[in-house]
Amino acid sequence: MRIIADFHVHSKYSRATSKDMTTPHLAKWADKKGINIIASGDFQHPGYLGELKNKLKEAEPGLYRSKDGKTDARIILSTEISNIYKHDGKVRKIHTLVLMPTLKDALKFSKVLSEKGNTSSDGRPIFGFSARDLLKIAFDVTADAMVIPAHVWTPWFSIFGSKSGYNSIEECYGEDSKYIKAIETGLSSDPSANWRVSALDNITLISNSDAHSPRKIGREANVFDCNMTYYDIKKAIETKDKKKFLYTIEFFPEEGKYHYDGHRLCGVSYHPRESLAKNNRCPVCFKPLTLGVLHRVEELADRPWDFVPDSAIPQRHVIQLEEIISDARDTAPSSKKVQAEYEMILARGGTEFGILLDKSGDELKQICDPRIAEAVMRVRNEEVNVIPGYDGEFGKIFIYRDSEKSANRTKNMQMEMFDK
Ligand SMILES: [Zn+2]
Ligand SMILES: [Zn+2]
Ligand SMILES: [Zn+2]
């Protein structure tokens, strides 16, 4: 069966998250969107772990569901840990996803971490030991753990980040690198950018929403065709089996907060080529620019933009349906008008992913207004205009609405700008 899975969200116990980030709401929104497996988020947090134990029961090996039976979505135990430490004379700040198959393992992991620092103040706790030590702790708890460096290209808090990362997996994990089977590409990069780095050919690229509110879950996700168990999913990821791991669902990377270089407060946004011409300095405040994902990929890449390795798992770009409606109607996604139309389309057409990924143009016209149907098809064909995000500012995607500053994505601006 086709399984859509999102392995990275945060609960209400993390900072700056919606109070609705609890498993009943997560499962309800997963059902609406057509997500079959949704991350619990934050499972090491003692308060949240208590909730998980009360509300969930095991459904299939390593996967849980609500005891109340009101929802179908499966919950997978997943959390994100922040490690800030000195290594080889540099401060490193790394975020890592940790997945485990059972609540018993989650409890063990939580206990070990609570001896090393404060696990209750934030759902995404910070520790002073290394990312490599975190890997050892997770695998000491269970050999079935999955340890996955998170949003690997973002400038802060990532393994390849320009501010406090490394230049390779080996530099970070040494001989334990062999346990790193997958990395999360993050919202500001997509697999095609990572395909340029030959050192990642044996690593599986996964994509998750990192959502802080229920409506944002699934904005990136992974699509499998395998048995519905933790262990089959883990195997599909680790063996990079193209028959079992079908494709990833991607944000347009330009929409991510750290695609381009720049300074948000100075209003400066550059393609890496422009930054290099200015010695990576801001012309307004003269301080170093925040170098985004595109820049960092360019530094570590050893292949041209259009290179596709044989082992690559395909990718599909999507825009969330509420944003598509918002663009077509020229109204904010959070407006009552957009949300009412979203609910109406779902009532007629099934899940959001069914609409975004599967329905034909004719089917779409039967369940929604022709203008929305056309917009869904344009997104599928990647006929959109973009203004890239930079230094913490989300990028903007336009389907109908145009802007002087936006560029037509179908011309593949990234490639053109680099292949001088
Ligand atoms: Zn993170
Ligand atoms: Zn996160
Ligand atoms: Zn500046």
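Reader: Into which domains is the protein divided?
Author: Domain bounds come from an automatic or database domain assignment, and here the protein is divided into domain 1 (2-254) and domain 2 (321-380), whose C-alpha centres lie 29 Å apart. This is a predicted model, in which local features need pLDDT of at least 70 and side-chain atom pairs count only at pLDDT 80 or more, whereas totals for chains, interfaces and linings use all residues. Residues are numbered from 1 along each chain as its sequence is written, and side-chain values use heavy atoms, with hydrogens and water left out.

Reader: How many residues of domain 1 are in contact with domain 2, and what area do the two bury between them?
Author: Contact means heavy atoms within 4.5 Å, and 14 residues of domain 1 are in contact with 12 residues of domain 2. Buried area is the accessible area (1.4 Å probe) that two parts lose on being put together, summed over both; for these two domains it is about 1000 Å², 50% of it on carbon and sulfur atoms. Of the area that domain 1 buries against domain 2, 50% is supplied by Lys-32, Lys-33 and Arg-215, more than by any other three residues.

Reader: What is the count of salt bridges between domain 1 and domain 2?
Author: A salt bridge is a side-chain nitrogen of Lys or Arg within 4 Å of a carboxyl oxygen of Asp or Glu, and the count between domain 1 and domain 2 is four. The side chains of Glu-343 and Lys-32 also meet in a salt bridge, at 2.8 Å from N to O.

Reader: Over the face of which ring does Lys-32 lie?
Author: A charge sits over a ring if NZ of Lys or CZ of Arg is within 6 Å of the ring centre and within 35 degrees of the ring normal. Lys-32 lies over the face of Trp-29, at 4.4 Å from the ring centre, and Arg-196 lies over that of Trp-305, at 4.6 Å.

Reader: How many aromatic pairs does the structure hold?
Author: A pair of aromatic rings is described by the distance of the centres and the angle of the planes. Rings of Phe, Tyr and Trp (its six-membered ring) pair if their centres lie within 6.5 Å, and planes under 30 degrees apart count as stacked, over 60 as edge-to-face and the rest as tilted. The structure holds 10 such pairs; in one of them, the rings of Phe-7 and Phe-224 have centres 6.2 Å apart and planes at 55°, so the pair is tilted.

Reader: Are Phe-7 and Phe-224 buried or exposed?
Author: Both are buried, where buried means under 20% relative accessible area, exposed over 50% and partly exposed in between (1.4 Å probe, protein chains only). Ring pairs link Phe-7, Phe-224 and Phe-245 into a cluster.

Note on methods
Chains lettered and ligands numbered in written order.
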